[in-house]
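Biologist: I am new to this structure and would be grateful for a close look at a single part of it. Please describe one residue and its surroundings.

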Amino acid sequence: MDYKKAGVDIEAGYKSVELMKEHIKKTMRKEVLTNIGGFSGAFSLSTIKDMEEPVLLSGTDGCGTKVKLAMVMDKHDTIGIDAVAMCVNDIACAGGEPLFFLDYIACGKNYPEKIATIVSGVAEGCVQSDAALIGGETAEHPGLMQEDEYDLAGFAVGVCDKKDMITGQNIKPGDALIGIASTGVHSNGFSLVRKVFDMTKESLSTYYDELGTTLGEALLAPTRIYVKALRGVKEAGVTIKGCSHITGGGFYENIPRMLPDGIVASVKKDSYEVPAIFKLLAKTGDIEEKMMYNTYNMGIGMVLAVDAADVDKTLAALEKTGDKAWVIGETKAGEKGVELC
């Protein structure tokens, strides 16, 4: 008996690392001090020494059951973008710039080419967010997971000067709410998605005119990364008073997280066009409207609160970064929360 017969192939692990190195090198920053394969990743903090009061920000998350779609479709090159996005968007939401990222892949069996493909998506997410991929772990779990199954999670660290943190404390009545477009369902609510639609290759390969693509491609569209969008707004001279990453819990749970007491966010549902994938999901699953807004991003991946006088500058900055955005409402005096009208 040996480890390979027990279900863990060490040689496959070595091959995975070699295959993923070509993707990882695309994410390198000058601050990275170590190579992939060591026991830890080292990152120099010399570039933040000029900040008045540097604050480290961290985020960890996974892709939820969206990985099930990737497995059914046998398409693994974008799910890594989702893993990065879920972490770095939270850091950007607090006013930070991501520095580095680490991934964790648990699998039933290590197929090196598949693992390298997953990591290629992680690397792409890091490129999109200017984060270095400085380490990770691939763990085989024979007996715990089926051979063709895997799960993916990650951890990111970022930094910002304390004076530049986005806290929501200065939001006042009359501030504008800017909604930045999502790329679809992103990485939340897939347990419900999988109850509404058949999770078969045939079903996911079905083309829908209203989607302009197949169901699977629409659902698997990677989460939008907003790091450069928020950076662009800041560089335009706009103070972002509050920022909410619309993830699990949709509008009702996430928007209040950026609000101070005594402020209600009034959102106009007709201020933008809800993407077709959400309309199809609601119709097929007979899901009531409030549940949709309490589960999904409904086409808005990030909400910013800015002074009403900064609306034009904000929208212009977001257009430059290639992001669609709309004024979707305003803040008012009232009990902390969200009202959709």
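Modeller: Let us begin with Thr-295, which touches Gly-189, Leu-192, Thr-247, Gly-248, Gly-249 and Gly-250, leaving aside residues up to four places away in sequence; contact here means heavy atoms within 4.5 Å. The model is predicted, so local features need pLDDT of at least 70 and side-chain atom pairs count only at pLDDT 80 or more, while totals for chains, interfaces and linings use all residues. Residues are numbered from 1 along each chain as its sequence is written, and side-chain values use heavy atoms, with hydrogens and water left out.

Thr-295 is found in the loop between helix 11 (289-293) and strand 10 (300-306). Helices (H or I, at least four residues) and strands (E, at least two) are DSSP runs, numbered from the N terminus. Thr-295 has a relative accessible area of 15% and is therefore buried, a term for values under 20%, with exposed over 50% and partly exposed in between (1.4 Å probe, protein chains only). A polar atom of the Thr-295 side chain lies 2.7 Å from the backbone oxygen of Met-291.

Strand 10 is joined to strand 5 (residues 176-181) by six bridges, and the two run antiparallel; two strands pair if DSSP finds at least two bridges between them. Within that pairing, Gly-179 has Val-303 as its bridge partner in strand 10. Four bridges also join strand 10 to strand 8 (residues 242-245), again antiparallel, and Met-302 in strand 10 stands opposite His-245.

How values were computed. Polar contact = N/O pair within 3.5 Å; in protein donor to acceptor, adjacent residues only side chain to side chain.
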